[in-house]
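Trainee: I would like to go through this structure step by step, starting with the ligand and then moving on to the domains and the backbone.

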Amino acid sequence: MKPVKFFNSLGRRLQEFEPLEPAHVGLYTCGPTVYDRIHIGNLRTFIFEDILRRTLRFFGYRVTQAMNLTDVEDKIIAAALEAEVDIDAFTAPHVESFFEDLAALRVERVEHYPRATEHVAEMIAMIERLLAAGYAYRADDSVFFRIAADHDYGKLSGIDLDQVRRGQRVQSDEYGKQDARDFVLWKGAKEGEPEWPSPWGPGRPGWHIECSAMSQKYLGKTFDIHCGGVDNLFPHHENEIAQSESANCCPLARYWLHSEHLTVDGEKMSKSLGNCYTLGDLLDRGLPARSIRYLLASVHYRQQLDFTFDKLAEAGRALKRIDDMRFRLAHEAEKDGDSASLDLAADDFENAFAAALADDLNTAAALGAVFTFVHAVNGFIDHGLPHGARARVQAALDRADQVLAVLDAGEWAGSPEAGGGLSDAEIDALVEARSDARASRNFAAADRIRDQLSEAGVVVEDTPDGSRWKRA
Ligand code: AMP
Ligand code: ZN
């Protein structure tokens with residue numbers, strides 16, 4: 001296995017990656033607050049995490065990943081109250097659009113998507129351990145984490161706690177805090193808000209405790225890699241470390257990777273500036289999902305990515321260079337060309353590609369290697385394509401595309417930008433609805449769904465193990 005280096009925010013240095021278990025990586029990535037449709041900034045972070053996951057597999061690791069869904073939180077509660085629905089009804093469409101957006105950009109589904117509302121018992125258990133060990137205290141109906149009890153608090157962010165103490169405003173529901181720096185683990189219930197029973201009376205968990213409790217449940221007390229966008233580093237990840245390490249007396253995660261933010265036209269995205277785009281906003285303008293994934297993946301994750309429509313158009317042109325070469329390759333006859341030098345070019349490409357990824361996930365350099373190879377293959381096509389060239393080039397590109405997931409136009413056929421196409425999630429839902437209809441012997445409904453799928457270019461095959469589908 002090739003040595004892979006990552007920039008570890010914990011210690012702020014480039015470090016060779018070694019997992020706890022041989023060939024297996026436990027990965028935790030902070031997921032969305034399902035309050036609204038996610039924006040392209042969130043998607044930049046989720047694509048970085050997808051590339052990380054795929055890169056680990058490319059280097060031979062098996063990955064177990066958990067990404068939480070924050071489905072209870074102040075903004076969600078306020079919006080659900082205003083809409084006069086319960087929080088589950090409020091968050092449901094945002095959970096659905098989150099998975100649709102990921103599928104549209106070919107972000108792989110991970111092993112676990114734990115929801116905060118389904119893990120309150122685990123959070124209560126961890127808070128009890130913190131209380132018993134003196135790291136937490138009760139005040140009014142709430143429980144707070146006592147930062148003064150945690151001697152290495154701040155080790156991730158290097159925060160100066162005296163600065164925090166001076167500037168901070170205490171929220172009205174946190175008056176009971178003994179120290180302005182302390183943070184809430186459990187909030188006592190308020191009239192009209194969702195609540196869960198606990199040893200301290202009814203209430204709900206704070207935000208930070210959810211990731212500590214859920215990462216432990218799915219990945220263990222210590223796991224390999226923890227990720228998020230830079231805004232998560234302080235206070236969220238610092239507080240996760242404080243909670244988990246105080247409760248468990250062992251390190252939480254060994255490597256912390258943070259992606260820089262996406263800006264739009266040089267400015268921070270914000271609703272008031274009108275520059276806060278969702279994937280839907282871009283697809284509605286007819287912009288291809290494939291170009292969006294390419295652009296979001298093309299800048300190194302530790303550099304800010306400034307989104308512009310010009311860059312998206314440039315991404316489309318870059319992809320066309322790849323497609324044009326692949327088209328020529330597919331239609332050019334193989335002859336007695338110089339196959340040794342073609343093999344060399346393919347080896348050079350594969351080595352440069354792997355070296356770029358092993359160097360802290362340098363996707364920009366990895367794409368650079370792709371284009372050097374595209375240029376070289378065009379040269380072979382111009383001067384005579386040797387026997388076996390097609391298979392060799394395709395195999396090299398396919399291996400690279402296990403990580404990038406943008407190099408093969410065929411894989412994007414029927415993606416949302418094609419117009420009238422169904423997303424994978426929509427097809428899954430229709431295939432499942434058809435199976436249900438067949439199981440209840442409603443064959444007319446089942447046939448209607450099959451027709452709808454076939455119009456969208458989807459072929460359904462019924463096998464003894466159930467129905468499966470492919471795009472025609
Ligand atoms: P949230 O739903 O706000 O908790 O965000 C989900 C993920 O998106 C977190 O990892 C955030 O750090 C990340 N994120 C939020 N805004 C941006 C942005 N403008 N650019 C990149 N990542 C972001
Ligand atoms: Zn988190």
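Predicted model: local features only at pLDDT ≥ 70, side-chain atom pairs only at ≥ 80, totals over all residues.

Trainee: What is the distance between an oxygen atom of ligand 1 and an N or O atom in the side chain of Asp231?
Mentor: A polar contact requires a pair of N or O atoms within 3.5 Å. Asn232 has a polar side-chain atom 3.2 Å from an oxygen atom of the ligand. For the side chain of Asp231 and a ligand oxygen, the distance is 2.5 Å.

Trainee: How much of the accessible area of ligand 1 does the protein cover?
Mentor: On its own, ligand 1 has 490 Å² of accessible area. The share of this that the protein covers is 86%.

Trainee: What area is buried between domain 1 and domain 2?
Mentor: The domain assignment places domain 1 at 5-259, domain 2 at 285-409 and domain 3 at 422-471. The C-alpha centres of domain 1 and domain 2 are 37 Å apart, and 23 residues of domain 1 contact 27 residues of domain 2. Carbon and sulfur atoms give 66% of the area buried between these two domains. That buried area is about 2100 Å².

Trainee: Which residues of domain 1 lose the most area to domain 2?
Mentor: The size of an interface is often given as the accessible area lost when the parts come together. Three residues together account for 30% of what the domain 1 side buries. They are Arg44, Ile51 and Phe58.

Trainee: Where is the cis peptide bond that involves Pro235?
Mentor: Most peptide bonds are trans. Pro235 belongs to helix H7, residues 233-248. The cis bond, with omega near 0°, runs from Phe234 to Pro235.

Trainee: What is the phi of Asp265, positive or negative?
Mentor: Most residues other than glycine have a negative phi. Asp265 sits in the loop between strand S11 (262-264) and strand S12 (267-268). Although Asp265 is not a glycine, its phi is positive, at about 50°.

Conventions
Residues numbered from 1 in each chain as written. Chains lettered and ligands numbered in written order. Heavy atoms only, no water. Polar contact = N/O pair within 3.5 Å; in protein donor to acceptor, adjacent residues only side chain to side chain. Areas by Shrake-Rupley, 256 points an atom, 1.4 Å probe, with all protein chains shown as cover. Domains from an automatic or database assignment. Contact = heavy atoms within 4.5 Å. Buried area = accessible area lost by both parts, 1.4 Å probe. Helix = DSSP H or I, 4+ residues; strand = E, 2+ residues; numbered from the N terminus.
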